[in-house]
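Look at the structure, then read the points by topic.

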Amino acid sequence: MRRSGHFALVMLGWLLAGLLAGLLAMSAAAAAPADAVVQIHGQPAGQQQLRAGPDGEQQAEFRYQDRGRGEQLSARWRLDARGLPVTYDVSGHDYWLAPVAERFERSGGQARWQDGAAAGETEWPAAGAFYLPAHAPPEFKAVLVRALLKAPGQRLRLLPAGEAWLEQAGGAGAPAGLPRLQLHRIGGIEFMPVPVWLDAQGRTAAVVDDWFEVLPAALRPQLARLQAAQRRADERWHAALAQRLAHRPRGPLLIRHARLFDPRDLGVREGQSVLVQGERIVRVDDDARLEAPPGAEVIDAADRFLMPGLWDVHQHFSGVDGILDLIAGVTSARDLANDNQALMARVRRFDAGTEIGPRVLMAGIIEGTGPLAGPTDVKVATPAAALKAVDWYAAHGYRQVKIYSSLPPPLVRVVADRAHALGLRVSGHVPAFMRAQQFIEDGADEIQHLNFIVLNFAPEVADTRSRDRYTRVAEKLQALRLDDPVFTDFVALLRRRHTVLDPTLSLLEGLYAGEPGLPAPGLREIAARLPPNARRQLAGSAVLPPVGQEDSYRQALPALQRLLKALHDAGVPLMPGTDALAGYSLQRELALYVQAGIAPAEVLRLATLLPAQVLGVAHERGVIAPGRLADMVLIDGDPLADIDAIKRVYRTVKGGVVYDPAALEQALGLLPR
């Protein structure tokens, strides 16, 4: 009995020890952060690894690849009992591979930070504050959420500037065996609330936006459910904003005392009135000849400049891009590659008025395969697959296909012929191992990005998917002679084929004339007014020049502007597009054209009437005239005398619905002018 009792006690001890060890292991596992997969539109692109360091330090390694670019960050930080950063340190490189070095620390009642050339210092506030880094792994958004959950009123002051608050948007169930998840939305750091998922223990579950998905591998099967919950929350936010800020006149709308710009003859007529009923213009006449009908709502233009709504022909809609467009007077746009289902749903909301945005023509991307292929699920490697992709776009209301950089050159003609047979336009990047001339001869109606024109004269750059498509352009521009017969013969081909160019000069300005860590020169004024994260997302767009090419980079933008002017003077159609920050970048694009020597009135024609003509909607848009859609912009200034006046939009009218840009900016968290 005693031996068996002793044996039983030993066994019980072993059992309890094993149980305790298991519980401790489970506890440690529960406390340990999970590594996460980084995806771009569902395609694996990298990872985020989190580790606990010494003295309460937390560490993160974050990296991803996107067509030869992508971030790599090594971050570490320590938090106080309230979850507020005590120290933060990060190194690595940004999306364009420029070096990153940022540090924050607080001690002795002071907070200090350094990010490249930018530095700051302030007295540590008694109520505390949260340092929001310029460069941070996605995990740091969850760190902010946890700090906000502990903060009074779930609000915190931010350093270097701003304020963040927390909105809750309901939970989303998870499959059996996983804890219930909670969607939190951070206000104040971007234009709209930023989603972060936490589990029941407050640990990070997922950080998902329109571009990135960062989540543990075990949660990937539930990604669609998380995205659906986020979309519902976003749609409610957008719908509330549209209901509050889109003004629909109850009767006719009359704009009086306007200076009316007509892009057909580039003239301006003083003392003009425009009468709108529903979504269309019914009469345009002298003030004295047009009386206000009964029940009309009248806008006194007070001699402001009234022009047709602007176009941006190169966008990729997400977030609040539609709102930013209307702030800037952009009433028509073209989307040149997106998540197809999400885009079609967004365009339907724009059209229904449940989300604020312009009229959108959709262009669908067709890409090849391989490690440098773009992040899309429309990838083809055979003629049959290429034809199927074109047919799908035609059947779903797309007006154009956009060929991307990895499409095999032999498939360009296949895509172009089928698209043209179905009435679709064809444009794109010039695919790798192909030159612009061949791309045009094989059926392209249009080329995106002016750098691809330069690369036509750089046959040594065969693979245009690498950084060479930017770095070698700066070098080649210095040797490009605009009077060389090789160049003039190519321009004659463009003119003969009526090839259209979408230059995106404002994007190229950021790459060549920008500085790492700073917004592009033309966007620094507006950047100072943006919410903290939105401001920082404009920084770091510069591509660092190779050693010895610094002078070429300094000369690249002026050389591109000379090229732009030569193409315009030769009769090559230019359609302004941005591929960058919506709205404000279009205003900069137009200013760069004027700087290049194109007359302001002609630039306004390129941004209003020409896209409507090229894209087949000139019977409804591009001119303020009876029968056309009531898409107009009222400018507080004269852009013909000073193109920068285009930034001072007083009112935007889309289909007879009136928007106040100042109210829209306030709703998105911009500081007043």
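Buried means under 20% relative accessible area, exposed means over 50%, and partly exposed lies in between (1.4 Å probe, protein chains only). The model is predicted: local features need pLDDT of at least 70, side-chain atom pairs count only at pLDDT 80 or more, and totals for chains, interfaces and linings use all residues. Residues are numbered from 1 along each chain as its sequence is written, and side-chain values use heavy atoms, with hydrogens and water left out.

**Aromatic rings**

- Rings of Phe, Tyr and Trp (its six-membered ring) pair if their centres lie within 6.5 Å; planes under 30 degrees apart count as stacked, over 60 as edge-to-face and the rest as tilted.
- The structure has 18 aromatic pairs.
- Tyr64 and Phe212 make an edge-to-face pair, with 4.7 Å from centre to centre and 70 degrees between the planes.
- Tyr64 belongs to strand β3 (residues 58-64) and Phe212 to strand β15 (residues 212-215), so their pair ties together parts 148 residues apart in sequence. Strands (E, at least two residues) and helices (H or I, at least four) are DSSP runs, numbered from the N terminus.
- Tyr64 and Phe212 are both buried.
- Phe457 and Phe490 have ring centres 5.5 Å apart and planes at 85 degrees, so this pair is edge-to-face.
- Phe457 sits in the loop between α9 (451-455) and α10 (468-479), and Phe490 in helix α11 (residues 485-497); the two are 33 residues apart. Both Phe457 and Phe490 are buried.
- One aromatic cluster is formed by Trp77, Tyr88, Phe130 and Phe140.

**Charges over rings**

- A charge sits over a ring if NZ of Lys or CZ of Arg is within 6 Å of the ring centre and within 35 degrees of the ring normal.
- Arg106 lies over the face of Trp124, 4.2 Å from the ring centre.
- Arg651 has its charged end over the ring of Tyr650, at 4.3 Å from the centre.

**A parallel sheet and its helices**

- Five strands form an open sheet in the order β21-β22-β23-β24-β25, with parallel pairing. Two strands pair if DSSP finds at least two bridges between them.
- β21 (310-315) and β25 (425-428) are at the edges with a single partner strand each, so one side of each has no neighbour in the sheet.
- Strand β24 (residues 400-403) pairs with β25 in the parallel sense over four bridges. Lys402 stands opposite Ser427 in β25.
- Helix α6 (residues 383-395) packs on the sheet and touches β23 (359-366) and β24; its direction makes about 170 degrees with that of β23. Contact means heavy atoms within 4.5 Å. Axes are lines fitted to C-alpha atoms, for helices over the stretch in contact, and angles run from 0 to 180 degrees between N-to-C directions.
- Helix α7 (residues 410-421) lies across β23, β24 and β25, at about 170 degrees to β24.

**Salt bridges**

- A salt bridge is a side-chain nitrogen of Lys or Arg within 4 Å of a carboxyl oxygen of Asp or Glu. The whole structure holds 41 salt bridges.
- Arg349 and Glu235 form a salt bridge (3.2 Å, N to O). Arg349 is in helix α5 (residues 340-352) and Glu235 in helix α3 (residues 223-245), so the pair ties together parts 114 residues apart in sequence.
- Arg349 is buried, at 17% relative accessibility, whereas Glu235 is partly exposed, at 32%.
- Glu460 meets Arg472 in a salt bridge (3.4 Å, N to O). Lys476 forms a salt bridge with Glu460, with closest N and O atoms 3.8 Å apart.
- Glu57, Arg76, Asp89, Arg103 and Glu105 are linked in a salt-bridge network.
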